[in-house]
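You asked for a short note on this model before you look at it in detail. My points are set out below the structure.

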Amino acid sequence: MQSNSGVVVILGTGGTIAGRSVQAGDNVGYKAGELSVMDLVAAVPALQGRALEAEQVAQLDSKDMDHATWQRLAQRVAHHLARSEVQGVVVTHGTDTAEETAWLLQRVLAPSKPVVLAVAMRPASSLQADGPQNLAEAVAVASAPGAQGVVLVADGRVHSAEDVRKLHGYRVGTFNSGDAGPVARLEEGRVMAQRPWPEGEALGVALLARPVAEWPRVGLVCSHAGVDDWAVRAAVAEGLRGLVVEGTGNGTLNRALEPALQDAQRAGLRVLRATRCLAGGVVGAPDGAWPSAGALTPAKARVELLLQLLA
Ligand code: SIN
């Protein structure tokens, strides 16, 4: 049973869901972040008559997502969630960094109401645009009794911020939750829960209040065959405060990186170990290993380390 009682606020940030190409058949040479969030809502007949508010927070290709936009977005989401008449919030977003934004919002807000990222792999002008269906389904999730936490809706599935990952650069069915599986699926507008909704302790939006120019710089380097330590040493020289190392397999790091990482730690830089494997995360922590990012993707581990350093 779906409830339509409260207001759903839709915050626009751009992305392919708001993208437009000159030719309808062009699913590659389009520009993301062209249509307003009001245009996106107006294009979905199923949303007409629903109690909705739309607000444009940003208008960008999410490959260009930045800390200032995250700060503003988190503040606007928090503002609307605090309104008693608001049942849930939808954020229209590009697919490229959606998993990072989702994790940031989950860790900062851990909302008891649903916050739903709506994305698309095809621009709004495409012959096979997936945005309108994803947006309608995101609103259904934002209105679903019992729904909570930050999730992403795409291709009829609801993924948690913690588990979601973009796997394919072109196909529509690109999002996956790995071993955990989706939180729910959608069938004809009905939200069918499959496992508990995300929960957690909120770090609080005040954590992001500091001017972004003062946020600690956190980088991401990759361990690979033949790697040397230039990137780790450059991170220290540049004054970075944190470094995520994208390891091989179960988060293992090439021995060529170790001395530089030890030096970096002595210089005050925090290190977090993730894996470049597409599923499974890092399991366990052998004695002496660098702290692990667990199930988080390297990009989400960078968000996690940023938040830890801001705290
Ligand atoms: C973007 O991330 O803004 C562009 C790509 C997409 O949304 O699929």
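1. Please read the distances below as values computed from predicted coordinates.

2. Residues at the ligand. Which residues are around the ligand? They are Gly15, Thr16, Asp61, Ser62, Gly94, Thr95, Asp96, Ala120 and Met121. Sorted by class, this shell has 5 polar, 2 charged and 2 nonpolar residues.

3. Polar atoms facing the ligand. A polar atom in the side chain of Thr16 is 2.9 Å from a ligand oxygen. For Thr95, an N or O atom of the side chain lies 2.5 Å from an oxygen atom of the ligand. Ala120 takes part through its backbone: a polar atom there is 3.3 Å from an oxygen atom of the ligand. On its own the ligand has 250 Å² of accessible area, and the protein covers 95% of this.

4. Domain layout. The domain assignment divides the chain into domain 1, residues 7-193, and domain 2, residues 216-310. Their C-alpha centres are 29 Å apart. In the contact between them, domain 1 contributes 15 residues and domain 2 contributes 13.

5. Area between the domains. Domain 1 and domain 2 bury about 1,300 Å² between them, with carbon and sulfur atoms giving 59% of that area. On the domain 1 side, Glu100, Trp103 and Arg165 supply 41% of the area buried against domain 2, more than any other three residues.

6. How many salt bridges does the rule find across the interface of domain 1 and domain 2? The count is 1. A salt bridge joins the side chains of Arg107 and Glu304, at 2.9 Å from N to O.

Key: Residues are numbered from 1 along each chain as its sequence is written. This is a predicted model: local features need pLDDT of at least 70, side-chain atom pairs count only at pLDDT 80 or more; totals for chains, interfaces and linings use all residues. Side-chain values use heavy atoms; hydrogens and water are left out. A residue is near a molecule or strand if one of its heavy atoms lies within 4 Å of it. A polar contact is a pair of N or O atoms within 3.5 Å; within protein, one must be able to donate a hydrogen and the other to accept it, and residues adjacent in sequence count only if both atoms are side-chain atoms. Accessible areas come from the Shrake-Rupley method with a 1.4 Å probe; for residues, only the protein chains shown count as cover. Ala, Val, Leu, Ile, Met, Phe, Trp, Tyr, Cys and Pro count as nonpolar, Asp, Glu, Lys and Arg as charged, and the others, Gly among them, as polar. Domain bounds come from an automatic or database domain assignment. Contact means heavy atoms within 4.5 Å. Buried area is the accessible area (1.4 Å probe) that two parts lose on being put together, summed over both. A salt bridge is a side-chain nitrogen of Lys or Arg within 4 Å of a carboxyl oxygen of Asp or Glu.
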